[in-house]
Amino acid sequence: MQQKRSNFSSKLGFVLAASGSAVGLGNIWRFPYLAAKYGGGTFLLIYLILAVTFGFSLMIAEIAIGRKTGLSAIGAFKMLDKRFGFLGVLASVVPIIIFPYYSVIGGWVVKYFTVFISGGASASAADDYFSTFIGGTFKPLGWFFIFLAVTAVIVLCGVEKGIEKVSKIMMPILVVLTLIISVYGLTREGAMEGLVYYIKPHMSDVSAKTILAAMGQLFYSMSLAMGIMVTYGSYMKKDNHLESSVRQIELFDTGIAFLAGLMIIPAVFAFSGGDQSALSAGPGLMFITLPKVFASMKLGGAIGTIFFLLVFFAALTSAISLMETIVSIFRDKFNWSRKGACIFVAVLALIMGTPSSLGFGPLSFISWMGMSVLDIMDFFSNSVLMPIVAFFTCIFAGFFIKTKSISDEVRVTDGKFKAEKLFTVMIKWVAPIFLLLILLSSVGGALGIDFLQALSV
């Protein structure tokens, strides 16, 4: 017997929970360093255009599929068309791969928060502090376990009492903290130069690589192509307006991404004396460069504490959505209780995440194409599986169940679908082409092949 489906109690609860899923490390960490790498204002402008077209269309499709079927990804696609049962399986594999290593990084964030709140800002600015920490055995595992346990407890409390309640508290706090650090960072000497670099587009910087990087960031930033929005859509009540909800999630997510860049880029720009290479430090930006920035600031210890609290909230809301998606998959598939599914998923994540945690220390000998265990998991899920899932979702929605099926679901409560023409063109024609290019570019990059250059020859 199928268990009664949980629901978000209100549209606000749904929007904040879905926004919490979308707002994560992709916004706070990945967006700023990609913006810096690809021309600042140029990347920002392209990302905004893609967010309100490509991102909007794919999110509408995923949430509508979830609400229409009342199922998580593994059952939703199969229910609408048995030939696409494989797509539900692929979409379900993505969060199962991401959640464990994401929780490892979440553990690093908790570690840094405790270091800053206990007055260790100066120590964290040492050149080898981060590498020594992640190169250990028991300490990284311990922080990974703590982050995983906090996530599991919230998911165990359920949709309304756990996920929705926590999101309603944490998301407004996250916005306030981001604004505080952004304003403070802009008052630093030399920060205005970084602000100009961040918000001023230069058309000479526009390139195929910039466009593909911005589109790839959308997956990370908006929780697309990993079954999350299908699952959250299945918890959405039929009387909640779908189109306006997606616009609000999109606004919230993009706004936080913009503020994250505003918070980080001018401050690092000022600290480095305008050296752009300091901004494109990848993972090291958050755990190596920023602690140095905070250590050089007046009140840097307090600001660093607020920053890592903010990042913890962002990481936690996304981890909750990842775990809830996996829990929902197993509950739908095997009719398990929430408690049983939560315990199983937590243990599974602990087992799968341990190699990623130890991959910089005892298991550092395991590598592929120069990537650590964690990097391999990240590459396979984000650069391979997610573009594939998104591509087939577009084909599924555009040519098999037809875009009218999605539009009809939007109109159930909205009465009309204002952006229906945009949605149809994006899903059927524009998005699939870009997704294939992203996939080829990502895989080619890992293999040392510049696919875009090869095409232009």
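Which helix is glutamate 164 found in? Glutamate 164 sits in helix α9, which covers residues 159-186. Keep in mind that this is a predicted model.

Glutamate 164 has a relative accessibility of 2%, so it counts as buried, since buried means under 20%. Setting aside neighbours within four places in sequence, glutamate 164 is in contact with Phe8, Ser9, Ser10, Gly13 and Val159. Leucine 44 is another story: its C-alpha and that of glutamate 164 are separated by 30 Å, and the two residues are 120 apart along the chain.

Now for the largest pocket. It holds about 1200 Å³ of space. Its lining is made of 41 residues, and Arg30, Tyr33, Leu34, Asp378 and Ser383 lie nearest the centre. Elements that give two or more residues to this lining include α2 (25-37), α5 (85-117) and α19 (420-446). The largest share, 8 residues, comes from α17. Here is the lining of the largest pocket by class:

| Class | Lining residues |
|---|---|
| Nonpolar | 28 residues |
| Polar | 7 residues |

Finally, take a look at α19. This helix has 27 residues and spans 37 Å from its first C-alpha to its last, close to the 39 Å expected at 1.5 Å a residue. Where does α19 bend? The bend is at methionine 426, by about 50 degrees. Met426 is also one of the buried residues of α19, along with others including Phe423, Ile427 and Pro432. The cover over the buried residues of α19 includes α3 (41-69), α11, α17 and α18 (403-414). After α19 comes glycine 448, with a positive phi near 80 degrees.

Notes:
Residues are numbered from 1 along each chain as its sequence is written. This is a predicted model: local features need pLDDT of at least 70, side-chain atom pairs count only at pLDDT 80 or more; totals for chains, interfaces and linings use all residues. Side-chain values use heavy atoms; hydrogens and water are left out. Helices (H or I, at least four residues) and strands (E, at least two) are DSSP runs, numbered from the N terminus. Buried means under 20% relative accessible area, exposed over 50%, partly exposed in between (1.4 Å probe, protein chains only). Contact means heavy atoms within 4.5 Å. On a 1 Å grid over the protein atoms alone, a cavity is a set of points where a 1.4 Å probe fits but cannot get out, and a pocket is an open set with protein on both sides within 12 Å along at least five of seven lines; lining residues have an atom within 4 Å of a point. Grid points are joined across faces, edges and corners, and a volume is the space filled by probe spheres set on the points. Ala, Val, Leu, Ile, Met, Phe, Trp, Tyr, Cys and Pro count as nonpolar, Asp, Glu, Lys and Arg as charged, and the others, Gly among them, as polar. The expected span of a helix is 1.5 Å times one less than its number of residues. The bend at a residue is the angle between axes fitted to the seven residues ending there and the seven starting there.
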